[in-house]
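This report describes one protein chain for a reader who has not seen it before. The sequence and the structure come first, and the description follows.

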Amino acid sequence: MGSGGTEGQYWNGTQTLLLTTVGRVSGNPVRTPLIYGEADGRYLLVASKGGADEHPLWFRNLSANPQVRIQVGPRILQGTARTADPEERAAYWPVMVKHWPAYDEYQAKTDREIPIVVIEPAA
């Protein structure tokens, strides 16, 4: 039954999902495993790229096309992604740091405000 990490389960002791975006140049699906959190029935992702000064590719893809698919364990959901507003980011950042404390270190490494992405699952 083991899937070898392809389902998006746990990685280094934290929960992960698989995000599928549409490549903004290629138009092809791009799958990325990411740490996630949950709040208010939504899925949360941090566009940290390890504290790099530029946004990760997956974030640039969903900025161009916010329709995404996520796989959480065996569940596959369609959703719409958006960047958290400042109030949401303030509320959700500590939620995400609980899952991955290094996010605070990543933010300290860059002048870029690291966005939190909110995925609203389709009804």
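Lys49 counts as partly exposed because its relative accessibility is 40%; buried means under 20% relative accessible area, exposed over 50%, and partly exposed in between, with a 1.4 Å probe and protein chains only. Lys49 sits in the loop between strand 5 and helix 1 (57-64). Helices (H or I, at least four residues) and strands (E, at least two) are DSSP runs, numbered from the N terminus. Although Lys49 is not a glycine, its phi is positive, at about 50°. Most residues other than glycine have a negative phi.

The model is predicted: local features need pLDDT of at least 70, side-chain atom pairs count only at pLDDT 80 or more, and totals for chains, interfaces and linings use all residues. Residues are numbered from 1 along each chain as its sequence is written, and side-chain values use heavy atoms, with hydrogens and water left out.

**The chain as a whole**

Three helices and eight strands make up the secondary structure of the chain. In sequence order the pattern is β-β-β-β-β-α-β-β-α-α-β. The chain is as compact as a globular protein of its length, because its radius of gyration is 14 Å, close to the 14 Å that the globule rule gives for 123 residues. That radius is taken over C-alpha atoms, and the rule is 2.2 Å times the number of residues to the power 0.38. The C-alpha trace spans about 40 × 35 × 25 Å along its principal axes.

Of the 123 residues in the chain, 46% are buried. Among contacts with a separation of 6 or more, 64% are between residues 24 or more positions apart; contact means heavy atoms within 4.5 Å. The chain exposes about 6,800 Å², and carbon and sulfur atoms supply 52% of this area. Accessible areas come from the Shrake-Rupley method with a 1.4 Å probe, and for residues only the protein chains shown count as cover.

There are 12 positive and 13 negative side chains, and the centres of the two sets lie 7 Å apart. Lys and Arg count as positive and Asp and Glu as negative, while His and the chain ends are not counted. Each charge is placed at NZ of Lys, CZ of Arg, CG of Asp or CD of Glu.

Ala39 lies in strand 4. Not counting residues up to four places away in sequence, Ala39 touches Leu44 and Tyr92. Ala39 and Val118 are 79 residues apart along the chain, and their C-alpha atoms are separated by 9.2 Å.

Asp40 is in the loop between strand 4 (37-39) and strand 5 (42-46). Asp40 is not a glycine, yet it has a positive phi of about 55°.

Glu120 belongs to strand 8 (residues 116-121). Apart from neighbours within four places in sequence, Glu120 is in contact with Arg42, Gln78, Gly79, Thr80 and Arg82. The side chains of Glu120 and Arg82 make a polar contact at 3.2 Å. A polar contact is a pair of N or O atoms within 3.5 Å; within protein, one must be able to donate a hydrogen and the other to accept it, and residues adjacent in sequence count only if both atoms are side-chain atoms.

Gln78 is part of strand 7 (residues 75-83). With neighbours within four places set aside, Gln78 is in contact with Val68, Arg69, Glu120, Pro121 and Ala122. Gln78 and Gly27 are 51 residues apart in sequence and 17 Å apart in space, C-alpha to C-alpha.

Glu88 is found in helix 2 (residues 86-99). Its contacts, leaving aside neighbours within four places in sequence, are Arg42, Arg82 and Val118.

The table gives the accessibility of these residues.

| Residue | Relative accessible area | Class |
|---|---|---|
| Ala39 | 14% | buried |
| Asp40 | 61% | exposed |
| Gln78 | 48% | partly exposed |
| Glu88 | 14% | buried |
| Glu120 | 27% | partly exposed |
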